[in-house]
Amino acid sequence: MRTAIVILNWNGQKMLAQYLPTVIEYSRDEADIIVADNASTDGSMEWLKKEFPKVRQIILDENYGFADGYNRALKQVDAEYYVLLNSDVEVTHHWLTPLIEEMDAHKEIAACQPKLLSLHDRDAFEYAGAAGGYIDKYGYPFCRGRVFDTVEDDNGQYDNAQEILWATGACLVVRSEDYWKAGGLDGRFFAHNEEIDLCWRLHIMGRQIWCFPESEVYHLGGGTLPKSKPMKTFLNFRNNLTMLYKNLPDSDLKHVMRVRWFLDYLAAFETLILNRKLGDFKAIFRARYAFKNWRHEFDKDRQKIRKIAAESGSTDGRSMISILREYYLRGHKKYSDFPDTGV
C-alpha cells in the first residue's frame with residue numbers, strides 16, 4: 001500500500017489494547033499498520049504478536065525517544081505517505097480518506113493533520129494540535145482551538161480547511177519524500193517541539209502544511225492534566241529555543257533571543273512564586289543552560305536552512321503577533337480573537 005500508519009510505542013501495552021483496534025478497524029483497507037517499539041519492557045510486543053499477529057513490528061534496540069525513534073523506524077518503511085500516529089489516539093470511520101485524497105490532489109502540500117479532539121471531553125479540542133498550529137513572533141506555539149491553556153469547545157468554528165505552520169505529531173500525515181528531504185525529525189530533541197521544527201523546515205523549503213477538519217480523531221494526550229512534569233518543561237523550553245536558533249532569519253535572531261531570555265526567566269519565577277512549582281522552576285533554568293551549551297552543535301543546520309530559505313524565497317512563517325500580549329494584556333483567549341495570523 002502507498003500509506004503506512006506507524007505507531008511508536010514505549011511501554012504502552014494498555015494504550016495499544018485500547019486504541020489499536022479502532023486503527024485496525026477503520027484503516028486496514030487503506031494503509032499498512034506498523035508498530036515501532038522503543039525497547040519496551042512491559043511485554044507490549046509479545047502481547048501484540050499474540051493479539052494482532054498481522055500487524056508488522058519494528059523493534060528498536062533502545063529507547064530513542066519520539067524523534068529519533070520515528071527516524072529509525074521510518075527508514076525501514078517503504079511508503080509514499082507516512083502517518084505518524086500516537087498510541088493514545090482513537091480514530092474514526094473515514095478518518096484517513098480525506099487526508100490522503102487532499103494530499104493526492106495537491107502536490108504542493110507536504111504534510112497535514114485532521115481535527116484533533118479530546119478523549120477527556122469529546123466536544124472540545126485537544127491541547128496538542130486542535131485544528132492546526134502556528135507560532136508567534138517569539139516562538140510560542142498556539143492552535144486554532146487552543147491558546148496556552150485555554151482550550152475551546154468544538155462548535156464547527158474551525159471546520160474550514162486551512163493552511164497552517166505546523167501539524168500535530170499526534171497524527172501527522174507527511175510525504176515520505178518531503179520528510180527525508182527536510183532531514184526528518186531532529187533526533188537530538190528526543191521529544192517535544194520536534195514536529196513544529198520539522199514543519200517549519202518544510203515551510204521554509206516552500207512546501208505547505210494544512211489541516212483538513214473533515215477528518216476527526218480523538219486524542220487522550222496529557223495537555224489537560226493539572227500538573228506538568230519537570231522533564232516535560234525542560235524539553236519544551238530547551239527544544240523551543242533550539243528550534244528558534246535553527247530556523248529564525250538572521251534579521252530577527254538576536255532580538256528574539258534577547259526577548260526570550262527575559263520571558264523565560266520571568267516564566268521561571270512565575271512558576272515558583274505564583275504556582276509553587278519548584279521542579280518546573282529548576283527545569284527552566286536547566287533548559288536555558290542546556291541550550292547555551294549545545295546551541296553551536298546546530299550551526300551547520302542553521303546555515304543549511306538559511307541557504308534553503310534564500311533559494312526558496314519562502315517567508316519564515318511565523319505570525320507577527322505576540323500571543324503573550326494578546327492573551328494576557330488584551331484578553332484575547334481564542335484564535336478567532338487574534339488579528340490575521342497568516343503563514
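This tour moves through selected helices and loops of the structure shown above.

The model is predicted, so local features need pLDDT of at least 70, side-chain atom pairs count only at pLDDT 80 or more, and totals for chains, interfaces and linings use all residues. Residues are numbered from 1 along each chain as its sequence is written, and side-chain values use heavy atoms, with hydrogens and water left out.

**Helix α1**

Select residues 13-27, which form helix α1. Helices (H or I, at least four residues) and strands (E, at least two) are DSSP runs, numbered from the N terminus. The 15 residues of α1 reach 20 Å from first C-alpha to last, close to the expected 21 Å; the expected span is 1.5 Å times one less than the number of residues.

Now show the side chains of Leu16, Tyr19, Leu20, Thr22, Val23, Ile24 and Ser27, the buried residues of α1. Buried means under 20% relative accessible area, exposed over 50%, and partly exposed in between (1.4 Å probe, protein chains only). These buried residues pack against β1 (3-9), β2, α2, β4 (81-85) and β5 (89-91), where contact means heavy atoms within 4.5 Å.

**Two loop residues with positive phi**

Most residues other than glycine have a negative phi. Select Ala39, in the loop between β2 (32-37) and α2 (44-51); its phi is positive, near 60°. Ala39 counts as partly exposed, at 25% relative accessibility.

Move to His192, in the loop between α5 (176-181) and α6 (194-204). The phi of His192 is also positive, about 80°, and its relative accessibility of 26% makes it partly exposed.

**Helices α7 and α10**

Display residues 230-247 (α7) and 299-312 (α10), whose axes are 7 Å apart at an angle of about 45°. Axes are lines fitted to C-alpha atoms, for helices over the stretch in contact, and angles run from 0 to 180 degrees between N-to-C directions. The two helices are therefore oblique to each other; angles under 35 degrees count as roughly parallel, over 145 as roughly antiparallel, 65 to 115 as roughly perpendicular and the rest as oblique. Leu244, Tyr245, Lys246 and Asn247 of α7 meet Asp299, Asp301, Arg302, Ile305 and Arg306 of α10.

**Asp264**

Finish at Asp264 in helix α8 (residues 250-273). Asp264 is buried, at 0% relative accessible area. Beyond neighbours within four places in sequence, Asp264 contacts Tyr140, Phe237, Leu241, Ile284 and Arg288.
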